[in-house]
Amino acid sequence: MNTKLLSISLLITILFAFSSCGNRSAKVKINEAKEQLPLSYAKGFSISKADKYTIVTVFNPWKEGAVYDKYYLVKSINIIVPEDGKKVIVPLKSLVSNSATHLEFLQMLGEIDKVTGVCSASFIYNPAILQRVKEGKTRDLGDSFNLDIENLLLLRPQAVMTSAYDAEDENTKKLAQTGLTVIYNIEWQEKSLLARAEWIKFVGAFFDKTDIADSLFQEVEQRYNNIKSKVMKIENKPSILSGQDFRGTWTMPAGKSFNAQLYREAGGRYFYENENTSGSISSTIEETLIRFSKADVWIGAQANSLKELGEIDEKYKLFKAYKERQVYNFNKRTTPAGGNDYWESAIARPDLLLADMIKVLHPTLLPEHEFFYIQKLK
């Protein structure tokens, strides 16, 4: 009888021990972040390191203090991560990018060959991507707002990098329903040129290249600041007219936008530079004539010659910049199909963009610089 009781007691003890082990395993403490990677300008994301994973957090620019999405980057599928984010195995081996604004970051990081899908390939400038599309290595998935979900699923990419917006549209919902890992890149919401460029660190994290990305950004930052220093003591600041009328509306950058910042840091004067919003300002061509008819330089015209511009609207000929042939566009690096590198690589290379703008406003300050994105209308 005592032997039977001893056996039952021993069995209960063993079962309790196993149960306790299971509980301890279930309650293993998740590694907390130990190191925050420094960011100098970007406000839209953060990167921090724990023992077994990297935490990448994307903040919601439309709701102060809120998180838009969170990613736990691991090198093994077996690593346990918190449940408040997505587990992503890095480095990524394949990626679909639905915005051309991501491509230069990938090019600089040496990861352009990982892109297996893009949107609207005919409007892309990047030569490597266009060649991959031609060879069938990268698939064109159509309009980014109406993705070819069927072909996207056939590609089976490890992740899809996409822009994010304030409202969830049907396309975004469909993308979320695929079960694919969606990485939200919101660089376009940053308020400065260097802040947008710093998103290379965000992209680099998904390829386990945070150190390389940091080094690349520091090089861009140093060149940008060195170029900017050349105009700090300039007193003569030419005035700037920006953009062009489109169907009765002339849209220009607001005072806190990155374009207005570009004009200031290139040594220019801009009518809306003290306006306190970061979006855009709309007016009519008549209102623009009142405020900008005597502007010294016209930036961002949508024509390739003065003749073409004048034929679009005779009123354009009334601007001083037109009369004195000081009109410029951003069309130097384009493809016949409509790709424009200004909308791609300039985001990652603000140093080149700033040098171009200084060349427009103060040509003698950078005598050896040749326009990269900007060209003067013939």
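**Close-up 1. Strands β3 and β4 pair in the antiparallel sense in this predicted model.** Six bridges connect strand β3, which covers residues 54–59, with strand β4, and among the paired positions Thr57 has Lys70 of β4 as its bridge partner. Strand β4 spans residues 67–74, and because six of its eight residues are buried, the strand is largely enclosed by the rest of the structure.

**Close-up 2. Strand β4 also pairs with strand β5, and here the two run parallel.** Strand β5 is made of residues 86–89, and four bridges join it to β4. Two of the facing positions can be picked out in this view: Leu73 stands opposite Val88 of β5, while Val74 has Ile89 of β5 as its bridge partner.

Close-up 3. Strands of a sheet pair through backbone hydrogen bonds, and they do so in either a parallel or an antiparallel manner.

**Close-up 4. A second open sheet is formed by three strands in the order β12-β13-β15, with antiparallel pairing.** The edge positions belong to β12 (245–246) and β15 (280–283), and since each has a single partner strand, one side of each is left without a neighbour in the sheet. Strand β13, which comprises residues 249–253, is joined to β15 by four bridges, and Thr251 stands opposite Ser282 in β15.

**Close-up 5. Asn126 caps the N-terminal end of helix α3, which covers residues 127–135.** A side-chain oxygen of Asn126 lies 3.0 Å from the backbone nitrogen of Ala128. Just after helix α3 comes Gly136, which takes a positive phi of about 85 degrees.

**Close-up 6. Thr178 lies in the loop between helix α5 (170–177) and strand β10 (182–185).** The relative accessible area of Thr178 is 19%, and the residue counts as buried because this value is under 20%. Two polar contacts of its side chain with the backbone are shown: a polar atom of the Thr178 side chain lies 2.6 Å from the backbone oxygen of Leu175, and the side chain of Thr178 also reaches the backbone nitrogen of Leu180 at 3.2 Å. When residues up to four places away in sequence are not counted, Thr178 touches Ile149 and Leu153.

**Close-up 7. Helix α8 (residues 210–229) packs with helix α13 (residues 350–361).** The axes of the two helices are 8 Å apart and form an angle of about 15 degrees; angles under 35 degrees count as roughly parallel, and α8 and α13 are therefore roughly parallel to each other. On the α8 side, the contact is made by Val220, Arg223, Tyr224, Ile227 and Lys228, and on the α13 side by Pro350, Asp351, Leu354, Ala355 and Ile358. The crossing of α8 and α13 is left-handed.

Notes. Residues numbered from 1 in each chain as written. Predicted model: local features only at pLDDT ≥ 70, side-chain atom pairs only at ≥ 80, totals over all residues. Heavy atoms only, no water. Pairing = 2+ DSSP bridges. Buried < 20%, exposed > 50% of the residue type's maximum accessible area, 1.4 Å probe, protein only. Polar contact = N/O pair within 3.5 Å; in protein donor to acceptor, adjacent residues only side chain to side chain. Contact = heavy atoms within 4.5 Å. Axes fitted to C-alpha atoms, helices over the stretch in contact; angles between N-to-C directions. Parallel < 35°, antiparallel > 145°, perpendicular 65-115°, else oblique. Left-handed = near helix turned anticlockwise from the far one by under 90°.
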